[in-house]
Amino acid sequence: MSFNKSEYIWFDGAFVPWDEAKVHVLSHALHYGSSVFEGIRCYDTATGPAIFCLEAHVKRMVCSCRIYRMELPYSPECLSQAIVDTVARNKLRSCYIRPLAFRGYAQLGVEPRSCPVQVIIAAWDWGAYLGAEALEQGVDVGVSSWRRMAPDTTPAAAKVGGHYANSQLIRMEAAEHGYAEGIALDIHGYVSEGSGENVFLVQDGVLYTPPLSASVLAGITRSCTITLARELGYEVRETMIPREQLYMADEVFFTGTAAELTPIRSVDRIVVGQGCRGPVTTRLQDEFFKIVSGRVPDRHHWLTPVPMA
């Protein structure tokens with residue numbers, strides 16, 4: 001998947017041209033994965049571009065940095081404004097936004113705190129992560145042989161670059177088996193998450209999703225989906241999910257900033273439900289996209305407008 005370059009990247013407080021945003025090859029993050037990041041979407045609404053759950057994303061980024069003892073050189077308010085400014089500066093109506101804090105160039109000992117913490121914000125046009133047709137037709141996935149980390153190894157609550165070495169193994173294995181994505185289990189054999197998405201099941205009209213204790217990232221879209229589901233009258237249970245429940249479910253779907261709400265049509269080549277997007281997934285998708293597109297009032301204050309010149 002190639003980049004649709006935009007013009008500028010916000011880099012340590014200033015805008016630089018896309019191709020000039022560079023770091024030293026001995027930067028600590030390049031060698032040890034010592035970076036924290038977020039993925040945020042900006043949607044094109046009738047009143048202009050609007051960033052989805054900006055405050056929640058910045059808060060999670062700050063918390064991830066705190067866990068890894070990274071002293072951010074910018075306040076949450078400064079980061080939020082810089083994200084808005086990056087979208088505006090690049091004149092983007094809809095886009096994917098990537099804020100990244102990373103330990104830069106100073107030394108290469110594993111103890112990282114003498115390395116400077118640098119911050120970039122990039123934004124570019126990026127469509128549906130698993131393909132535009134996936135939002136309607138669903139995707140085929142497989143349960144991965146790779147497990148998610150134990151709670152006393154690396155903290156799942158932090159969105160850290162180094163953690164995604166595990167995600168890459170899950171995603172590559174899925175591709176080699178002909179799947180669009182993989183689902184990982186936790187160390188106890190219960191359902192955890194995809195390589196970059198949270199997982200929901202629908203069974204007998206009830207929504208199930210793994211709890212945070214199943215080594216899952218506290219997804220922003222996951223939280224919004226739970227809110228919408230309960231508003232629509234569905235019961236939502238955050239509970240441990242055995243692998244076989246994936247095969248018995250009426251519907252299964254992913255949530256995530258990149259994936260949005262993507263239905264799953266088969267797991268391990270076992271068809272889910274009728275093998276197509278189910279009614280609960282459809283209803284949640286419709287409600288989600290009505291809000292982020294501005295077609296209904298933003299009753300949860302999820303959207304931050306981007307002033308365009």
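Let's start with helix α8, which covers residues 279–292: its 14 residues reach 20 Å from first C-alpha to last, close to the 20 Å expected at 1.5 Å a residue. Keep in mind that this is a predicted model.

**Helix α8**
- Quite a few residues of α8 are buried: V280, T281, L284, Q285, E287, F288, I291 and V292.
- As background, an α-helix has 3.6 residues a turn, so residues three or four places apart point the same way.
- After α8 comes G294, and its phi is positive, near 80 degrees.

**Helices α2 and α3**
- Here α2 (residues 54–67) packs with α3 (residues 76–89) at an angle of about 130 degrees, and their axes are 10 Å apart.
- Because of that angle, α2 counts as oblique to α3.
- The crossing of α2 past α3 is right-handed.
- On the α2 side, the contact is made by L54, V58 and V62, while α3 brings in P76, L79, S80, I83 and V84.
- Sort the residues of this contact by type and you get seven nonpolar, one polar and no charged.

**H163 in its loop**
- You'll find H163 in the loop that runs between β8 (139–147) and α5 (164–176).
- H163 counts as buried because its relative accessibility is 9%, and the cut-off for buried is under 20%.
- If you skip the neighbours within four places in sequence, H163 is in contact with Y68, M149, T154, P155 and A158.

Conventions: Residues are numbered from 1 along each chain as its sequence is written. This is a predicted model: local features need pLDDT of at least 70, side-chain atom pairs count only at pLDDT 80 or more; totals for chains, interfaces and linings use all residues. Side-chain values use heavy atoms; hydrogens and water are left out. Helices (H or I, at least four residues) and strands (E, at least two) are DSSP runs, numbered from the N terminus. Buried means under 20% relative accessible area, exposed over 50%, partly exposed in between (1.4 Å probe, protein chains only). Contact means heavy atoms within 4.5 Å. The expected span of a helix is 1.5 Å times one less than its number of residues. Axes are lines fitted to C-alpha atoms, for helices over the stretch in contact, and angles run from 0 to 180 degrees between N-to-C directions. Angles under 35 degrees count as roughly parallel, over 145 as roughly antiparallel, 65 to 115 as roughly perpendicular and the rest as oblique. A crossing is left-handed if the near helix is turned anticlockwise from the far one by less than a right angle, and right-handed if clockwise. Ala, Val, Leu, Ile, Met, Phe, Trp, Tyr, Cys and Pro count as nonpolar, Asp, Glu, Lys and Arg as charged, and the others, Gly among them, as polar.
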